[in-house]
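Subject: Structure handover

Hello,

Please find below the structure you will be working with.

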Amino acid sequence: MIPVIFKSVSKYYNEKKILDDISLEIAENKITAIIGRSGSGKSTMLKIINGLVIPSGGDIKVFEKKIDYKNISELRLQIGYSVQGTALFPHMNIYDNITLLAKLNKWSDEKIKERCGILMSLVSLLEDFKIKYPFQLSGGEQQRAGICRAMMLNPKIFLLDEAFGALDPTTKAEIHKELLKIQSTEPRTIVMVTHDLHEAFRLADKIIVVEKGIIQQTGTKDEIKNSTNEFVKYFVKAQFE
Amino acid sequence: MMKKILLILIYFTTTVSIGQTVKVGAKHFNEGYILSEMLSLLLESNGYQVERKFNLGGTLVCYEALINNEIDVYPEYSGTISEAILKLKDKITFDELKKKLRETDLEISNEYGFNNTYAFAVKKEVANRLNLRSISDLKSHPEIKLGLSYEFLNREDGWKNLAKVYGLPQTPVGLEHGLAYKALEDDQIGLTDVYSTDGEIPKYDLVILEDDRNFFPKYFAVSFYKSNLDGKIKNITAVISGKISESEMQKMNEEVLYENKTFSEVARNFLIRENLLVNNTGELKSESMLSQILPKAVQHLKITLIALVLSIITAVPLGIFIYIYSSFSKPVLYIAGLLQTIPSIALLAFMIPLFGIGIFPAIVALFLYGLLPILRNTTIALFSVDPLLKEVARGIGLTQYQRLRYIEMPLAIPTILAGIRTSAVINIGTATLAAFIGAGGLGEFIVTGLALNNTKLILMGAVPAALLAVLTEIFFEVLERFIVPKHLLKRLS
């Protein structure tokens with residue numbers, strides 16, 4: 001199965017073109033990184049997958065079906081979503097943040113506890129963090145809790161929108177390791193948006209470079225490194241010098 | 001056998017008359033209170049229950065209350081009825097007035113005896129210095145500052161026509177009648193309108209200017225009621241007709257004002273003196289200040305609380321509605337804002353033709369008043385929840401209801417609570433004005449105190465009301481601590 005298919009997708013805000021004729025397929029159970037500068041349209045591509053953004057033209061298929069925007073919540077429950085910053089709900093403690101979706105979907109307490117425990121240990125979050133509030137956690141800890149929340153329902157797709165953008169390099173490297181560990185334990189389709197080429201090289205099986213709403217190149221780490229595309233060459237050079 | 005039937009009949013008729021409640025109104029000043037208390041005592045001594053609705057304000061409020069059966073009877077003045085109520089242009093005699101009323105469903109009793117006419121009073125010293133004897137003499141003294149009651153300024157038989165008839169050049173200022181004597185004494189005004197039976201006239205050493213053009217109609221005090229009032233009640237109250245002279249009335253007014261007697265004491269003493277009480281069993285109650293304040297404070301809280309709860313259960317859902325359907329937000333907030341700009345006393349007055357007097361219209365007015373702060377805070381709070389959180393809540397698959405229930409509302413609660421708190425405090429203040437339309441509460445002391453120029457009474461209402469407002473603030477502060485997680489409170493402040 002190909003979990004996500006874009007076919008000539010475009011997006012306009014008023015007259016402004018954000019995405020232009022995007023066609024791509026996301027491989028199942030692989031990590032795909034969408035990379036580009038701020039304003040390149042990479043976040044918009046991600047939000048099209050979970051229906052936060054409705055495309056102006058073209059076709060988008062998720063799980064080989066057209067998105068049903070009327071019952072979008074059902075689809076989103078199968079897609080984990082984690083963003084940069086403190087997007088944890090400030091009025092709930094960490095346990096409630098992580099388990100909210102499971103509770104609302106009537107999981108048993110036991111099952112919830114078990115799943116939460118597994119996830120927290122996968123991202124090295126201590127047990128006593130459960131009763132803490134987001135503001136009591138460091139940025140890295142918050143990001144780990146955010147990953148647990150997104151993974152709670154064991155979604156088939158996991159979307160990360162600059163999820164590690166605000167972290168210091170050491171913490172970032174730790175979380176990268178943990179993410180790869182999760183991926184080897186329970187493989188799933190991961191699509192991550194980032195502006196950090198190092199991160200993409202470290203994690204992604206496949207990299208999509210976007211500039212001005214157009215896909216410049218799709219390829220593996222080596223293909224991107226040795227690209228002949230003018231923009232990609234410039235982009236790689238700028239980050240590695 | 002006959003005896004038995006008779007006994008049953010007697011039993012039946014007495015229980016009927018005992019069970020019957022008569023609602024007695026009062027005009028909003030000393031004399032009105034004394035006379036209304038007399039009617040009430042007479043009715044009570046004849047076995048009736050009396051509901052005293054004494055804080056009705058001026059003529060039109062009393063009249064509206066009578067028309068809407070909020071009260072059954074109140075003491076009024078013949079001149080007021082012909083000019084302010086029937087709006088007759090020409091002066092008519094007392095008998096003509098009675099005849100005129102026969103065309104309506106209203107009726108008056110025979111006059112109590114005295115004529116309490118409007119009059120102009122100045123200090124004796126000023127009158128002598130400027131050689132003022134009659135109202136005409138004012139023409140040559142345009143420098144005299146007139147401080148007139150609001151009612152007198154606006155009546156048919158008040159300032160406008162009087163100024164025309166006498167050709168007076170002064171521009172008067174309006175002030176509360178109860179404050180006018182103090183203003184006269186301190187020379188802040190040179191002249192005010194008084195009632196000829198006011199107890200202050202001798203006390204402040206005032207003289208009354210002669211109405212040399214015979215402008216003022218006669219103001220004979222009478223009982224005013226609908227013609228379908230029970231004949232028995234008419235007869236019971238009629239016993240004071242012809243019994244009260246002008247000097248007696250002045251004396252009674254003076255007793256209340258300067259001898260520290262309550263108006264019910266003065267009214268009772270008069271009736272006892274005149275031997276008019278059928279059975280004088282009821283003892284005069286002397287209550288401690290706390291036992292007087294407490295029931296009014298409870299009533300005050302009750303009115304405020306009911307209105308507040310209604311405001312909350314209306315404004316919070318409405319706020320959520322206009323958050324979801326945001327195209328409604330402007331018109332709804334605009335209307336709620338408009339309600340807020342109506343002065344509270346005007347909003348209360350506006351309730352009378354719609355809902356009469358008493359608790360209900362007061363609650364409606366307070367409810368309308370309390371809407372905006374809660375409504376505005378609810379919508380603003382919901383609109384200003386961090387957009388990233390809203391997007392994530394959508395992105396992870398929460399439905400609109402779930403987002404509202406688990407994310408947006410909990411985050412909006414501190415701000416909504418602040419709105420409710422504002423409403424509560426505003427309402428406690430505004431509820432003091434509700435006494436003007438007979439809703440009771442702590443405002444009753446203030447209204448009575450203003451009418452009687454009694455500072456102690458005013459404070460008996462004002463201090464507990466202020467205290468209630470402070471307690472409300474504290475209550476909400478504690479409530480906030482319970483409901484809102486600490487770190488969210490910190491973020492707010």
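Two strands pair if DSSP finds at least two bridges between them. Helices (H or I, at least four residues) and strands (E, at least two) are DSSP runs, numbered from the N terminus. The model is a predicted one: local features need pLDDT of at least 70, side-chain atom pairs count only at pLDDT 80 or more, and totals for chains, interfaces and linings use all residues. Residues are numbered from 1 along each chain as its sequence is written, while chains are lettered from A and ligands numbered from 1 in the order in which they are written.

Strand E3 of chain A

Which strands does E3(A) run parallel to? One is strand E8 (residues 189-194) of chain A, joined to E3(A) by 5 bridges; here A:Ile31 stands opposite A:Ile190. Another is strand E9 (residues 206-211) of chain A, also parallel and joined to E3(A) by 5 bridges. In that pair, A:Thr32 stands opposite A:Lys206.

The antiparallel sheet of chain A

Strands of a sheet pair through backbone hydrogen bonds, either parallel or antiparallel. Chain A has an open sheet of 4 strands with antiparallel pairing, in the order E2-E1-E4-E5. Strand E2 (16-26) and strand E5 (65-66) of chain A are at its edges with a single partner strand each, so one side of each has no neighbour in the sheet. Between strand E1 (residues 4-13) of chain A and E2(A) there are 7 bridges, and A:Lys11 has A:Leu19 in E2(A) as its bridge partner.

Helix H1 (residues 42-49) of chain A packs on this sheet and touches E1, E2 and strand E4 (57-62) of chain A. Two residues are in contact if their C-beta atoms, placed from the backbone, lie within 7 Å. The direction of H1(A) makes about 60° with that of E2(A); axes are lines fitted to C-alpha atoms, for helices over the stretch in contact, and angles run from 0 to 180 degrees between N-to-C directions.

Chain A has 9 helices and 10 strands, and 41% of its 241 residues count as buried. Its C-alpha atoms fill a box of roughly 50 × 45 × 35 Å along the principal axes.

Chain B has 22 helices and 10 strands. Of its 493 residues, 43% count as buried, and its C-alpha trace spans about 85 × 80 × 45 Å along its principal axes.

Where the chains meet

How many residues of chain A are in contact with chain B? There are 19, and they touch 18 residues of chain B. Helix H2 (72-76), strand E6 (79-83), helix H3 (94-104) and helix H5 (139-151) of chain A each give two or more residues to this side. The largest share, 3 residues, comes from H3(A).

Regards

How values were computed: A residue is buried if 20 or more other C-beta atoms lie within 10 Å of its own, exposed if 12 or fewer, and partly exposed in between; C-beta atoms are placed from the backbone.
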